Amino acid sequence: MNAVEFIIAGMLAAATPFLLAALGELVAERAGVLNLGVEGLMALGAVIAFIIVYQGGGHLLGFLAAGLASAALSLVFAVIALGFRANQVAVGLAIGILGQGLSALFGKSYESLTVKGLPKLSLPGLSDIPVIGGLFAQDVVVWLSLAATVAIWAMFAYTKTGLVVRAVGENPKAARALGYPVIAVRFAAVAFGGALAGFAGAYASVVYTPLWADGMIAGRGWIAIALVVFGTWLASRIFLGACLFGAVSLASLAAQATGLDVSSQLLSSLPYLVTVIVLGIISSNRRLLKLNGVASLGEPFER
Amino acid sequence: MSALSAPLLPVLVRREHASLPVKLIAPPVALALATLLNLGLYLLMGRDPVAVFHAMLLEPFLSWASFSEVLLKTAPLLLIAQGLAIGFRAKVFNIGAEGQFILGAIFASAIPIWFPEATGQWIWPSMLVIGALGGALWASLTAFWRVKLNANEILVSLMLALVAAQLLNYLLLGPWKDPNGFNFPQSVMFQSDAMVPILIPGTRVNVSLLVACALSLAAWIFMQRSFAGFKLQVGGLAPRAAGYAGFNEGRAIWLSLLIGGFAAGLAGAAEVAGPLGQLQRSISTGYGYAAIIVAYLGGLHPVGIAFSALLMAALYIGGDNAMVSANLPVAAVRVFQGSLLLAYLVAIAFVRYRLEWRHAAHGSTS
């Protein structure tokens with residue numbers, strides 16, 4: 001397998017933690033809530049899933065528990081940021097620190113242990129195509145994440161639920177006047193985002209690299225938040241952005257494997273540098289951000 | 001609120017005036033709340049909560065030896081938090097102080113690493129200055145991205161902090177690795193003139209604590225007495241009003257980030273030129289992130305920050321104590337830090353709001 005085939009085959013799996021977390025953050029931000037705790041939510045989901053899978057509970061239970069745990073922690077965010085109307089930036093940072101701390105605490109006795117990942121499910125016929133065939137042999141979570149992307153895109157494009165969430169984020173006062181429960185919608189959006197961040201963390205720790213190491217999320221939660229900006233709050237573009245980051249992280253691995261003479265630290269910081277550069281390019285287009293951005297993002301709602 | 005909450009739940013009602021008493025008691029209340037929650041957690045983990053409480057929150061203050069270590073840790077937290085608070089008040093969220101701290105340490109280390117034979121009392125002061133400039137330089141990348149490219153400073157500063165950690169690794173595994181260091185990722189030990197002089201004999205407390213106190217005073221004067229500080233605060237509280245008054249938003253962002261980077265860089269320089277005496281991987285144990293909590297817990301006020309820096313430093317030392325005496329994982333400190341900030345954010349809500357129990361008859365119409 002050459003480097004190109006390696007990247008094509010692995011891109012979607014590498015993209016999945018970014019994709020799931022960014023889709024969750026998308027829903028929360030569309031409802032007008034900026035939750036910066038994604039890194040901590042992912043870390044918590046990752047450790048919970050790992051412990052359950054390691055103890056023999058299986059992947060399904062691991063994912064469910066991770067989603068529940070991260071949703072619960074994101075509800076703490078919601079109670080403080082929405083209920084008590086605290087500064088969303090500060091609450092998000094605190095949740096991030098708390099989640100990372102809890103993950104290190106719970107994972108202490110599991111350091112460097114490994115579990116078994118998930119088998120690849122191939123699409124018959126398609127996965128035999130040369131060069132790009134690897135694209136069609138993915139594990140079940142990748143397939144489900146693609147389905148989730150389409151579902152969230154369709155929700156915002158075609159359903160009333162999507163419209164209500166967007167109305168609550170664009171103009172909460174008007175949404176309230178129309179009789180929609182602004183705070184309840186925001187709570188639900190945050191909890192949904194938390195659950196997806198938990199799944200994202202679980203995928204990272206029990207499928208993509210099925211081993212436990214403290215700090216293994218390594219900034220992916222933050223990149224997911226940046227991806228929402230890259231994707232200008234659209235599920236389709238977020239998917240493309242996640243693929244880009246999947247490819248970038250795999251390119252670093254491929255470069256190291258082929259013995260390319262680039263320092264491994266430079267390769268490790270590549271995703272962060274790409275984030276900074278792309279963020280600069282997209283954000284400098286102020287019209288694009290204004291057009292697609294969420295008007296009341298980060299502002300507390302008070303009647 | 002009431003659409004979600006059942007009629008029996010209390011609602012937050014805005015006060016006519018912000019409550020100063022609540023503002024003053026919010027930090028101690030938050031500390032008590034976080035302590036209770038965490039002791040409960042330790043109990044669940046099968047540790048003796050009384051022993052942990054003693055080791056973590058009392059012992060740091062009980063002996064001069066450990067209190068001097070608290071003072072040693074206070075200096076960097078105090079420096080970084082004072083710088084960050086100025087930006088936070090202007091609503092410029094520099095959360096990458098960790099990276100600016102690392103760059104400060106790297107810049108400062110360049111002098112003793114490149115000139116190991118140099119002597120003279122000029123070395124350590126120049127290290128502090130160059131470190132501070134290094135931190136400001138790293139922060140200026142974020143400022144440029146925010147002002148010129150309209151990019152979110154939270155994400156950019158954080159990404160650059162992660163890059164800074166990799167840069168440090170690169171230097172310590174490559175060009176700056178001590179050739180006689182048994183392959184450990186650390187630089188050579190610095191010469192004695194590269195060390196900040198000890199302030200209190202018999203301890204490791206050095207002059208950087210004085211520097212931090214002096215800069216705290218400067219921060220107080222800047223924010224409470226200067227026009228530039230006033231402009232920053234107006235920009236944070238009422239961006240539109242600041243715009244109408246002709247206060248330049250770009251300048252406020254540059255100033256906030258440069259001050260934050262300068263202070264964090266200085267702290268990083270003082271760390272390698274102080275207790276460590278060399279550049280190593282573990283130069284920062286999350287000071288840059290902990291300082292965010294210090295800044296908020298201190299009410300973003302220079303005087304409050306002095307107290308919260310001391311508290312956070314005690315938590316670090318206490319966490320180490322509890323690790324040894326009560327077998328508590330060191331990650332417990334991070335859990336404590338996170339829950340402390342959350343408890344504070346809840347407590348501080350009551351400065352502007354009060355709780356009111358409304359009955360269904362009143363609440364349903366509003």
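B:Gln82 sits in helix H3 of chain B, a helix that covers residues 64-89, and the model in which it is seen here is a predicted one. Its relative accessible area is 5%, and because the cut-off for a buried residue is under 20%, B:Gln82 counts as buried. Leaving aside residues up to four places away in sequence, B:Gln82 touches B:Ser216, B:Ala219, B:Pro302 and B:Ile305.

Two of these contacts, B:Ser216 and B:Ala219, are listed among the buried residues of helix H7 of chain B. The buried residues of H7(B) also include B:Ser208, B:Leu209, B:Ala212, B:Phe222 and B:Met223. Around the helix axis they cover an arc of only 135°, which puts them on the same side of H7(B). The face of H7(B) that is turned away from this buried side carries B:Leu217 and B:Arg225, which are exposed. As for the partners of the buried side, the buried residues of H7(B) pack against H3, helix H8 (227-237), helix H10 (249-276) and helix H12 (302-325) of chain B.

In H5(A), the buried residues are A:Val141, A:Val142, A:Ser145, A:Thr149, A:Ile152 and A:Phe156. Seen down the axis of the helix, they fall within an arc of 100°, so they line one face of H5(A). A:Leu144, A:Val150 and A:Tyr158, on the other side of H5(A), are exposed. The cover over the buried residues of H5(A) includes strand S2 of chain A together with helices H1 (3-30), H3 (59-83), H6 (160-170), H8 (182-208) and H10 (235-257) of that chain.

| Helix | Residues | Number of residues | Span | Expected span |
|---|---|---|---|---|
| H5, chain A | 140-158 | 19 residues | 26 Å | 27 Å |
| H7, chain B | 208-225 | 18 residues | 25 Å | 26 Å |

For H5(A) the span is close to the expected one, and for H7(B) the span is likewise close to what is expected.

Chain A also has a nonpolar patch on its surface, formed by A:Val4, A:Leu123, A:Leu126, A:Ile129, A:Val131 and A:Ile132, which together have about 440 Å² of accessible area. One of these residues, A:Leu123, is found in the loop between strand S1 (120-122) and strand S2 (137-139) of chain A. A:Leu123 is partly exposed, with a relative accessible area of 32%.

Definitions and conventions. Residues are numbered from 1 along each chain as its sequence is written. Chains are lettered from A and ligands numbered from 1 in the order in which they are written. This is a predicted model: local features need pLDDT of at least 70, side-chain atom pairs count only at pLDDT 80 or more; totals for chains, interfaces and linings use all residues. Side-chain values use heavy atoms; hydrogens and water are left out. Patches are made of residues with over 30% relative accessible area and no salt bridge: like charges are joined within 9 Å, nonpolar side chains (Val, Leu, Ile, Met, Phe, Trp, Tyr) within 5 Å. Accessible areas come from the Shrake-Rupley method with a 1.4 Å probe; for residues, only the protein chains shown count as cover. A salt bridge is a side-chain nitrogen of Lys or Arg within 4 Å of a carboxyl oxygen of Asp or Glu. Helices (H or I, at least four residues) and strands (E, at least two) are DSSP runs, numbered from the N terminus. Buried means under 20% relative accessible area, exposed over 50%, partly exposed in between (1.4 Å probe, protein chains only). The expected span of a helix is 1.5 Å times one less than its number of residues. The arc is that of the directions from the helix axis to the C-beta atoms. Contact means heavy atoms within 4.5 Å.
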